[in-house]
Amino acid sequence: MAVIDTHAHIYSPDERRYPPIEKPLRVPGGKGSLEDLKREAGAAAVDAVCAIQVSTYYRFDNRYILDSAAANRKWVAGVCTLDPDNPESPAMLKRFAREFGVRGMRSIPGKDGRLDAPGVRALWKAGWEAGIVINVLVGEDKAPDVHKMLYDFPKLPVVLDHCMNPKAGPGLTKTVDVVRGLAKYRNLHAKLTFIPTGSATGYPCADMHDACMKIAEAYGPERCVWGSDFPCELWCPKVSYREHLRIFTDDLPFNRRARAEILGGTAERLWFGRR
């Protein structure tokens, strides 16, 4: 069974070559490079990764993602982030895919707060033409916009990053219901990375298991993926990399076929050219 980590952020130790933004959100302990990820993933028997542009560190400067993806094409699927209000972004996305092998783009709302803004639509169109996957990073308040975009781009592969970030507590059921309501769009996939980030406890984060199972049931395992949230020290400090993976390999009550799809099969089809 292949295991693919679909959500890892990477940070270069070379800040002259890849300068961070002013007041970046730094990783505790300073670890977070591609080499650190290789060691962490290798120790957990992870076969490949999606490296996601980290906007809280580089904003729209994708150079570290681009160089890492181009140099490690069999092991890394690069996912960039571009400014939807920059008219040059669609052409940049096509160039990133063509020259650096980028396989995804993380989509954010425009400056007007809309996901269905003209600039976002232009990027989704460019993504479809370039043959890449769109990752959507929004909260449940943007659900109406997500509905519109999915309706208008029915053949474009789309992944819902963190499933709108459900959290343990009174609002959990509502968020899960919103995410489940989007499952009717067959091109939408659920990224099940929210268990440790939404939990009020540490490993195994049992208070989020039921929410995860309900979302996985709505989408089916063939439309769900796992991701580590690397570096876990920053993004999900309640669990380690191996513990996050163990929740999916051992703790959640998936059958063997479902585990194989969620841990690798779906990601292989989406980002590694085996659709």
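Reply: What follows is a short walk through the cysteines and then the backbone. This is a predicted model, in which local features need pLDDT of at least 70 and side-chain atom pairs count only at pLDDT 80 or more, while totals for chains, interfaces and linings use all residues. Residues are numbered from 1 along each chain as its sequence is written, and side-chain values use heavy atoms, with hydrogens and water left out.

Me: How many disulfides does the structure hold?

Reply: A disulfide is a pair of cysteine sulfur atoms within 2.5 Å, and the structure holds zero of them. Cys-163 has its closest cysteine sulfur in Cys-224, at 7.1 Å, which is too far for a bond. Cys-205 is likewise in no disulfide, the nearest cysteine sulfur being that of Cys-236, 8.3 Å away.

Me: Is Cys-163 buried or exposed?

Reply: Buried means under 20% relative accessible area, exposed over 50%, and partly exposed in between, using a 1.4 Å probe and protein chains only. Cys-163 has a relative accessible area of 0%, so it is buried, and Cys-205 also counts as buried, at 0% relative accessibility.

Me: What is phi of Cys-163, and where does the residue lie?

Reply: Its phi is near 50 degrees, a positive value in a residue other than glycine. Helices (H or I, at least four residues) and strands (E, at least two) are DSSP runs, numbered from the N terminus, and Cys-163 lies in the loop between strand 6 (158-160) and helix 7 (172-181).
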